[in-house]
Amino acid sequence: MNLSLGHAVVAETVKLRTLPAALVTVAVTVAGTAGLAALLAVAARDTAGAETVPALHTALQTVGYTQVGFVLLGVLTITTEYSGGQIHASLAGVPRRMVLLSGKTAALLGAALPTAAAAVAVAVAAVQLVLGERAQPLGEQFAEVGVRPLAGAVAYLVLVGLFGYAVAVPARSPVTALVVLLPVLLLVPPLLDAVTDHAEYLPSPAGAQMYQPGPVPDGALGPLLGGAVMAGWTVAAFAVAAAVFHRRDA
Amino acid sequence: MSFRNTVAAEFTKLASLPSVFVALGLVLLVTPGVAALNTSALRHALDTGNTGALVDLSTIDAGLDGIPVGAIGAIVLGVTVISSEYTATRRGAGGGRQITATLTGLPRRVPLLAAKALVLSTVTALATAVAIPVSVVVAQTVLGEHGHPLDEVFAEVGGSVFGGVCYAVLTALLAFAVTVLVRNGIVPLIVLIVNASLVSFSLLLSMVTPLAKYLPDLAGGQMFAAYSPVEDPLGPLAGGLVMAAWTALFLAVAAAVFVRRDA
């Protein structure tokens, strides 16, 4: 049997699509984003007074919360192989480990990209719906900030999912992976930011540059460089994951 | 099996979990570490007079900032003490779950949960009772000339140190109760760690409704925090009681469910 990368991609996509935990994660992530966007819109409306609210800014604030769903999706992609020993069957079917890892990466990309697009879309829609006439007209907002922040938000969510996946490969257990990932992404950056300017090179603040609306502040990395730094972290995590997965017993 | 034996058994199981080292490391290193980081930012601000970005400039309670972050260790402990019972072993090792053996040895379920909760509370309380005073000392050391004599500091923040220990214990018990309900650690870990960060669901709710001050973390935080993100926050005692009531409620629901279902 000669399994090509294409076969591995198809097989991994079927596995991910039939994983109840992955389906629940995707559904809760999109629905939760809509709910959070509505809450943020209510908060923004209450503080804005008589002014119109820039709805895109509000919608983009959901990314900080929504990223957790993508991290979990990435983590589940690999850790479910280890919860019952399915990894043995997977490696018997696809013995070349880099092919298996690449197949999973492609399957995750295929799931994360439409989910990210849907999450960003429902965030914008929910904010517009709650604000109604209080929202600044969408055309005006796009003229101000362009579509770059929205595309950046999709790119960030997909990248953070891949980062979560890569960290979870050596970890093997979802609890271990999440105990590393959530503090690194959510807690460490603001703590280090208080003491050093280099904190902006951590994965989440660097990647966040991709979806910051408006002009780049002085001294900030900016969307392209920030995205590149986050992609660099992700590539580094993949290199570690590949090396570990290649050497160890399943 | 007597309750004392049950507690001893649960203590042995807890002490032999690898994640206990992670949890204790988080409590014992991260709590003072965060205190040192935040306090060095505070010292820098006081040295340069550029205090714009800081919301809380008080120096006497500077060591308490690490408590919510160090509480992640308590969360990890509360989650793994029960989620480890439900993790299936590898297929080659039978694919079974430890909870089956545990309930064979101890069929009475409420004493089992009580023993686990007791062991969890004791370990969490001991670890934080070391970590929080150490954090206060570390913070005063980092402050240097801006610091206060230690006896003065502990007279002032002694209640907050005790409140921080209570907060960590209640957080661990909440994580434990939720994990009993859902039988895996992913949901409570995500909810509780995210809530300890800046993108906290509780903070978001506090922007929308004043009732958010009754949420367990925002109420319980009043036991040690001088600064609160909500308007008109509860007092330390009222906040602690509200958090304790949430914890008791979740534990009661967890016990009721655990008694009725198949493991």
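With 18 C-beta neighbours inside 10 Å, R172(A) counts as partly exposed; that term covers what lies between buried (20 or more other C-beta atoms within 10 Å of a residue's own) and exposed (12 or fewer), with C-beta atoms placed from the backbone. R172(A) also has a positive phi of about 65° although it is not a glycine. This is a predicted model, in which local features need pLDDT of at least 70 and side-chain atom pairs count only at pLDDT 80 or more, while totals for chains, interfaces and linings use all residues. Residues are numbered from 1 along each chain as its sequence is written, and chains are lettered from A and ligands numbered from 1 in the order in which they are written.

- Most residues other than glycine have a negative phi.
- R172(A) sits in the loop between α8 (148-171) and α9 of chain A; helices here are DSSP runs of H or I with at least four residues, numbered from the N terminus.
- In chain B, R183(B) has a positive phi of about 65° too, and is not a glycine.
- R183(B) lies in the loop between α6 (150-182) and α7 (186-195) of chain B.
- Is R183(B) buried or partly exposed? With 18 other C-beta atoms within 10 Å, R183(B) is partly exposed.

**Where chain A meets chain B**
- Contacts (C-beta atoms, placed from the backbone, within 7 Å) join 24 residues of chain A to 30 residues of chain B.
- On the chain A side, α2 (20-48), α4 (63-83) and α9 (174-193) are the elements that give two or more residues.
- The most comes from α9(A), with ten residues.
- By type, that side of chain A has 20 nonpolar residues, four polar and no charged; nonpolar means Ala, Val, Leu, Ile, Met, Phe, Trp, Tyr, Cys and Pro, charged means Asp, Glu, Lys and Arg, and polar means the others, Gly among them.

**Helix α1 of chain B**
- Helix α1(B) (residues 3-15) has 13 residues and reaches 18 Å from its first C-alpha to its last, close to the 18 Å expected at 1.5 Å a residue, the expected span being 1.5 Å times one less than the number of residues.
- Its buried residues are T6(B), E10(B) and L14(B).
- Viewed down the axis of α1(B), these fall within an arc of 70°, so they line one face of the helix; the arc is that of the directions from the helix axis to the C-beta atoms.
- Their cover includes α2 (18-48), α3 (67-86) and α5 (109-143) of chain B.
- On the other side of α1(B), the exposed residues are R4(B), N5(B), T12(B) and A15(B).

Definitions and conventions. Two residues are in contact if their C-beta atoms, placed from the backbone, lie within 7 Å.
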